Amino acid sequence: MVIDALVRLGRSGLTALAGIGRAHVLLAGIVGGLPELLPRPRLLLAQIYNIGVLSVLIIAVSGLFVGMVLGLQGYYVLNQFGADESLGIMVAASLVRELGPVVTALLVAGRAGSALTAEIGLMKATEQLSALEMMAVDPVRRVLTPRFFGGFLAMPLLAAMFSALGVLGGWFVGVGLLGVDDGAFWSQMQAKLDFREDVINGVIKSLVFGVVVTWIALFEGYDATPTSAGVSRATTRSVVHAALAVLGLDFILTALMFGD
Amino acid sequence: MGNGVPDSPTTVTASSDAQAPAPTGGTEPLVRIRGLRFTRGDTLVLDGVDMDIPRGAVTAIMGPSGTGKTTLLKLISGQLRPQAGSIEVDGLDVHRLGRQELYRLRTRMGMLFQSGALLGDLTVFENVAFPLREHARLPKSLLRRLVLMKLEAVGLRGAAHLMPAQLSGGMARRAALARAIALDPMMVMYDEPFTGQDPISMGVLVSLVHQLNDAGGLSSIIVSHDVPETLSIADHVHVIANGRVLCSGTPEHVSAQSDPRVRQFLDGAPDGPVHFHYPSAPLAEELLAAGSRRGW
Ligand SMILES: Nc1ncnc2c1ncn2[C@@H]1O[C@H](COP(=O)(O)OP(=O)(O)OP(=O)(O)O)[C@@H](O)[C@H]1O
Ligand SMILES: [Mg+2]
């Protein structure tokens with residue numbers, strides 16, 4: 001019994017390690033396709049559209065609502081200390097440092113990552129990837145590389161949009177509804193939000209999340225069992241793994257960036 | 001890789017004295033397969049296959065469903081690796097080529113997939129144009145004319161604007177054929193080109209394969225179990241079953257075989273020495289058994 005359990009544990013450990021190995025080989029292949037992608041910006045633009053532009057609505061709406069909630073909650077807490085003119089900096093810092101990159105990455109994993117996984121998995125199941133191979137076109141470089149860099153570039157732009165709309169949402173609730181002083185809201189934000197410390201670190205986070213979310217999505221699709229059940233399982237795994245990876249990495253990155 | 005099989009003259013082919021007779025004055029065969037062994041998990045799919053496929057001819061590979069015909073094509077094109085044996089295409093050992101060389105070789109191979117495998121997000125026109133755009137820098141007007149000619153040849157010029165999802169199975173197969181010949185390859189591998197075609201398109205396809213061969217000097221490998229159509233267009237036939245080559249030769253030679261395994265396949269007898277059934281316990285035994293250890 002114990003031996004059996006150990007064997008099973010060992011086997012699933014090995015499977016997981018082999019998967020991680022394949023994922024890294026795939027990533028190397030994807031990034032290796034960059035020189036071929038650069039002369040063909042259309043392929044990249046199409047994917048930025050697919051992953052970025054088509055996610056704009058959900059990102060914008062979510063950003064607005066998250067900002068409004070921040071405005072409300074922040075006001076109740078700050079007001080108790082008579083510090084409600086700090087609402088601006090509180091809303092902006094939370095968004096730019098944490099919520100913008102993280103929530104955007106989670107939403108992109110659900111909206112675009114799952115679609116990428118399903119698309120690649122179905123291309124595999126219907127032998128389209130094999131057909132590309134047979135036409136002497138490397139499917140990794142032709143299909144995966146543009147999607148990867150599309151996600152990589154779209155993520156920080158989406159996060160910036162999320163944060164910007166969030167700030168507007170916070171302003172609307174704080175200044176518009178709860179009567180926080182308009183000038184104080186903006187001037188505190190301007191004075192205390194540091195470009196390098198806050199904005200650049202937020203951008204770095206969302207670049208990392210862009211890599212991780214699209215990498216996981218593409219790998220799960222490319223590695224999927226080529227059946228309908230296999231693709232559906234891969235899609236689920238893609239979202240779950242991406243979400244866990246984003247949250248875990250966020251902790252590590254936050255500790256590295258702000259924890260001195 | 002256990003590539004240890006020398007180019008020995010074959011001794012495996014059962015009951016055949018005419019082993020792939022070289023057609024045109026002793027030229028090297030286009031594809032030379034020696035001692036090919038391939039397994040999927042525990043199943044031995046191909047077990048010591050030796051086969052020569054001559055240049056400029058139509059070669060048919062026939063055999064019952066599930067014997068590894070598609071697998072053989074994937075091995076020839078380097079999509080799968082054999083456990084043992086070697087495959088040479090145009091003098092190049094497919095499984096020892098580097099990636100670049102393999103891709104260069106593949107630009108000279110066309111393959112028609114059993115499922116068509118058209119790219120789902122491109123129109124029929126763009127699908128046929130795809131290999132041209134990737135590998136040949138052509139002016140726009142020439143590209144357009146080339147694609148339309150290929151589509152005309154398979155009778156789908158009018159369907160150029162449709163998406164693959166809007167095509168019937170037979171139409172998709174013909175569009176895939178147009179794509180497979182877009183780069184004017186030296187060889188085309190057809191996986192079941194006739195399945196799902198009505199008699200008219202079937203006739204058109206048969207004559208198209210012929211035309212390509214006669215005019216283009218193309219070599220064709222046709223995998224099929226449509227016995228009469230295939231025998232009518234093939235110059236050479238290999239019959240494989242149970243992982244081995246049963247017999248090879250001209251269609252006349254093969255049709256005249258008396259080997260019961262070959263006869264059974266050609267005449268379409270449901271069971272005989274070649275198994276129609278996937279290996280299993282006898283039916284009565286399984287029906288009478290209380291339950292299977294697999295849980296049903
Ligand atoms: N991806 C796979 N995984 C495991 N086994 C496979 C796979 N593909 C094919 N096989 C097995 O390999 C054997 C040969 O399959 P293959 O597709 O080459 O047959 P085929 O001769 O082309 O049949 P058909 O005429 O029906 O197309 C079959 O027994 C099949 O069960
Ligand atoms: Mg097949």
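## Surface and overall content

Chain B has an accessible surface of about 13,900 Å², and 55% of that area belongs to carbon and sulfur atoms (areas by the Shrake-Rupley method with a 1.4 Å probe). The model is a predicted one, in which local features need pLDDT of at least 70 and side-chain atom pairs count only at pLDDT 80 or more, while totals for chains, interfaces and linings use all residues. Residues are numbered from 1 along each chain as its sequence is written, chains are lettered from A and ligands numbered from 1 in the order in which they are written, and side-chain values use heavy atoms, with hydrogens and water left out.

Of the 296 residues in chain B, 50% are buried (under 20% relative accessible area, 1.4 Å probe, protein chains only). The chain contains 10 helices and 10 strands (DSSP runs of H or I, at least four residues, and of E, at least two, numbered from the N terminus).

## The sheet

Six strands of chain B form an open sheet with mixed pairing, in the order 6-7-8-3-9-10 (strands pair if DSSP finds at least two bridges between them). Its edges are strand 6 (109–112) and strand 10 (244–249) of chain B, each of which pairs on one side only. Within chain B, strand 3 (residues 58–62) runs parallel to strand 8 (residues 219–224), joined by five bridges, and B:Ala60 has B:Ile222 of strand 8 as its bridge partner.

## Helix packing

Helix 5 (residues 169–180) of chain B packs on the sheet, where it touches strand 6 and strand 7 of chain B (contact means heavy atoms within 4.5 Å). The direction of helix 5 makes about 175° with that of strand 6 of chain B (axes are lines fitted to C-alpha atoms, for helices over the stretch in contact, with angles from 0 to 180 degrees between N-to-C directions).
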